[in-house]
Amino acid sequence: MRLVPDPNPPRLRVLWVSLGAIAVALLIAGAVFAAYGLSPLEAYRTMLQGTLTDWKGLSEVLRRTIPLLLVGAGLTLAFRAQFFNIGAEGQLLMGAIAGGGVALFLPLPPLLSLPAMFLAGVLLGGAWALLAAWLRSRLGVNEILSTLMLNYVAQYVLIYLINGPWKGQNVRGFLYSDEFAPYEQLPTLPGTLVHWPTLLLGVVLALALQVLLTRTTLGYELRVVGENPGAARYAGISVPRVVLVMAIITGGLAGLAGVGEVAGIHHRLLEPAQISLGYGFTAVIVAWLARGNPALVLVTAPLMGIILAGGDLLKISLNMPFRVIDVFSGVMLLCLIASEIFVRNRVRWGRR
Amino acid sequence: MASTILQLSGITKRFPGVVANDRVDLELKEGEVLALLGENGAGKSTLVSILYGLYRPDEGEIRIEGQPVQIASPAHALRLGIGLVPQHPLLVGRHTVAENLALGVGRFWFPAQRMVPLIEQLARSYGLEVDPHARVHQLSPGEKQRIEILRALLRGARVLILDEPTSVLTPLEAEALFRVMRELRSAGKSLIFISHKLDEVLAIADRVSVLRRGKVVGELPVAEATKPRLAELMVGRSVSFERKRAEPRLGPALLEVRGLQARSSRGLPALRDVSFSLRQGEVLGVAGVAGNGQSELVEVLSGLRRAEAGTLSLEGKPLVPDPARLFEMGVAHIPEDRIRMGTVPPMPVSENLALREYRKPPLARGFFRDLAAYEQRAKAQVQQYAIATPSPSTPTRLLSGGNIQKVILARELAGSARLILAVHPTYGLDVGATEQVHQILLEKTYQGAGVLLVSEDLDEILALADRVAVLYQGRLQGPFEVGSLTREEIGLLMTGSSLPTGQGGAA
């Protein structure tokens with residue numbers, strides 16, 4: 001077998017390779033299930049049946065899809081600009097903190113409070129990403145490290161707040177804030193946790209980002225900066241400016257997702273692991289699968305939503321540890337990254 | 001009559017859609033330099049890959065000293081005595097010369113140390129001076145190339161293939177390489193010299209084989225070859241080497257540079273008190289060995305680098321360090337590195353053509369891009385500049401070097417270019433594309449633009465420029481009228497020597 005570089009891979013091959021990578025990931029994860037003493041087929045059957053065949057399962061998938069959609073769409077933009085934002089988790093939590101802070105402490109007319117919460121979430125999430133982008137532009141700090149580390153800072157800021165100044169009046173030993181007022185809570189589809197306003201925002205924003213990337217001058221600048229910073233400088237595009245704007249968008253979307261989670265599901269601030277099931281990290285896979293196309297996140301986010309919701313079922317029905325889903329996601333990301341080689345090269349069989 | 005060491009007969013290699021080598025016959029005698037001449041894409045590289053065991057031919061036979069062989073891999077080629085000196089040296093920068101050369105042949109214990117006497121002995125016998133203890137990243141391209149030659153010799157190569165060896169060298173380094181090649185030849189080695197530069201082929205080779213579209217279209221002793229004849233064989237039509245305009249129409253001063261000082265990216269002084277002026281319709285050549293301030297000069301003029309001192313003005317207006325505003329003022333920049341700076345290789349031709357003017361109508365309507373305008377404009381420019389691309393939506397990285405350069409020219413000269421900064425504008429281009437690029441640049445001077453031509457190719461400067469200046473360690477000598485200096489005198493200035501008084505004379 002030989003690999004022949006192909007400078008212009010056909011789109012169809014990108015699709016097949018991605019599907020192939022997912023299939024390999026399913027095989028490997030299946031082996032993990034088998035090692036755990038569980039039939040892989042049984043496990044996958046449970047996951048699919050419990051998520052896609054009834055409304056309750058489907059609503060669980062949708063609930064997970066909402067943050068993945070928002071965060072993933074923002075990340076596609078960052079990846080297109082060659083800004084490897086691994087800190088969406090922290091940006092999401094900072095968004096939740098900002099939204100929660102507005103809900104708890106800023107007296108506003110009821111009609112204004114939800115928009116203000118979203119706005120605050122976008123601003124603080126964006127600022128959190130901006131910090132890393134600024135460090136990179138100014139001091140050359142690697143954004144992978146800074147965004148990753150800022151995740152922990154965000155987590156501990158949240159823990160500090162709900163443990164100290166923002167700790168609820170009537171929550172005894174629990175680490176909660178007070179509950180948001182009813183008008184500070186997002187409506188959900190009846191009988192589910194699907195906070196549909198956020199879902200709607202996610203769909204609209206994913207499409208809007210696609211337009212931004214392909215049809216606007218800012219999107220053009222962003223792609224030039226990502227593909228060739230040297231050419232950007234040469235053409236007089238300010239690379240720092242483009243990276244900072246991009247960071248605000250990608251962090252802002254993560255912050256928005258954070259507000260959605262607390263205002264739509266939990267109605268209060270609580271521990272980081274309860275607000276986000278690692279959405280910021282799973283969204284990296286969502287964005288990678290979408291190959292930098294924000295609109296494609298509309299397909300890849302539900303896919304990862306199925307896997308996250310399916311993981312819940314594995315825990316409940318088959319008594320597996322929930323963290324098996326992290327194994328699943330990790331294997332999938334590895335397979336996707338490894339499959340890049342088959343996108344960039346053609347496989348030829350035989351010698352020569 | 002020297003015996004034949006290597007013989008190719010009927011070598012054919014097909015790739016999907018192209019026949020890269022079509023029944024190629026080639027014969028290499030002991031102790032001769034055979035030049036393999038051809039344009040980009042003529043099949044030279046494929047033939048080299050076959051000889052070095054990277055590809056196997058679909059048809060045909062290779063004989064070494066009369067014995068038929070199947071070259072299976074580069075290691076096999078080396079065992080058969082065929083060595084390759086690659087175009088871009090493949091060395092470990094942080095290691096010493098000896099450590100690099102010990103790779104693959106050194107003993108287990110102290111491999112590098114044991115190499116040193118061998119290296120010194122070989123270096124002495126072929127004039128390949130190199131310090132075995134120097135770290136490779138500190139060496140010049142010419143020295144790195146010598147290491148590659150040494151490597152092939154250490155492996156016992158009798159046939160040396162030099163793949164476009166002069167493309168990374170300055171004229172002086174190229175001269176040194178030719179001396180080494182002559183030494184090797186007189187020691188009985190056989191050399192295959194791959195090039196598309198006619199002057200070099202005529203200077204060094206004994207025989208020339210010309211490839212065009214995979215076929216050998218001519219084979220002749222150098223004694224019988226002339227430049228026009230080789231060019232015609234190579235391109236398939238007659239080529240004009242005449243670039244000079246009968247009478248340059250020079251207008252008033254366009255660019256005025258006074259007392260310019262600038263530092264390099266490493267913070268060292270790169271330009272020292274540089275002053276010159278450029279008139280409308282004039283081509284000013286800037287010669288010099290790479291790294292003597294040419295890059296910094298062009299960067300300052302194109303707005304990519306700040307000047308520390310000095311005044312710059314274009315038609316009386318001061319130049320600002322902002323590439324976008326300078327382009328609006330009429331400063332076009334054909335950069336040295338067309339892949340890393342001049343284009344965005346994964347983006348389509350139409351978007352690359354828009355890099356300068358994407359903010360302005362008709363390409364932009366407010367915040368949004370007008371894709372139809374992109375397409376329309378790209379189609380017009382592709383036609384005007386005869387850019388060979390399947391469509392405007394093809395990524396530029398799929399185009400040949402000449403066509404990428406034409407994309408850059410089309411974009412840079414689209415506006416009302418007044419000052420054209422052309423850096424190595426024909427580097428790596430074949431004869432046909434070079435001719436086109438030169439014509440385009442000269443065409444612009446008729447319309448009143450001035451060209452600052454930075455090139456390491458003296459022939460190019462002498463053919464195009466009206467005046468020539470030489471940069472050495474950041475100081476500018478000249479400009480001089482082109483006719484007032486000989487090649488040798490320019491060469492002297494490039495090495496920092498001053499001219500004997502009474503010669504040349506500032507113009």
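1. What share of the contacts in chain B with a separation of 6 or more is accounted for by residues 24 or more positions apart? The share is 67%, where two residues are in contact if their C-beta atoms, placed from the backbone, lie within 7 Å. This is a predicted model, in which local features need pLDDT of at least 70 and side-chain atom pairs count only at pLDDT 80 or more, while totals for chains, interfaces and linings use all residues. Residues are numbered from 1 along each chain as its sequence is written, and chains are lettered from A, with ligands numbered from 1, in the order in which they are written.

2. Chain B contains 17 helices and 22 strands, these being DSSP runs numbered from the N terminus (H or I over at least four residues for helices, E over at least two for strands). The radius of gyration of chain B is 25 Å, close to the 23 Å that the globule rule gives for 507 residues, so this chain is as compact as a globular protein of that length; the radius is taken over C-alpha atoms, and the rule is 2.2 Å times the number of residues to the power 0.38. The C-alpha trace of chain B spans about 70 × 55 × 50 Å along its principal axes.

3. Chain A has 14 helices and 2 strands. With a radius of gyration of 21 Å, close to the 20 Å from the globule rule for 352 residues, chain A is as compact as a globular protein of that length. Of the 352 residues of chain A, 47% count as buried (20 or more other C-beta atoms, placed from the backbone, within 10 Å of the residue's own; exposed means 12 or fewer, and partly exposed lies in between).

4. Between the chains, 17 residues of chain A are in contact with 27 residues of chain B. On the chain A side, the elements that give two or more residues are α8 (217-227) and α9 (229-234), and the largest share, 5 residues, comes from α8(A).

5. Helix α12 (residues 279-289) and helix α13 (residues 297-318) of chain A pack at an angle of about 140°, with their axes 8 Å apart; axes are lines fitted to C-alpha atoms over the stretch in contact, and angles run from 0 to 180 degrees between N-to-C directions. That makes α12(A) oblique to α13(A), because angles under 35 degrees count as roughly parallel, over 145 as roughly antiparallel, 65 to 115 as roughly perpendicular and the rest as oblique. Residues making the contact include I285(A) and L289(A) of α12(A) and M304(A) and L308(A) of α13(A).

6. R291(A), in the loop between α12 and α13 of chain A, has a positive phi of about 50° although it is not a glycine, and R291(A) is partly exposed, with 17 other C-beta atoms within 10 Å. Q473(B), in the loop between β21 (467-472) and β22 of chain B, also has a positive phi of about 50° without being a glycine. A cis peptide bond joins P361(B) and P362(B), with omega about 5°, and the bond from G478(B) to P479(B) is cis with omega near 0°.
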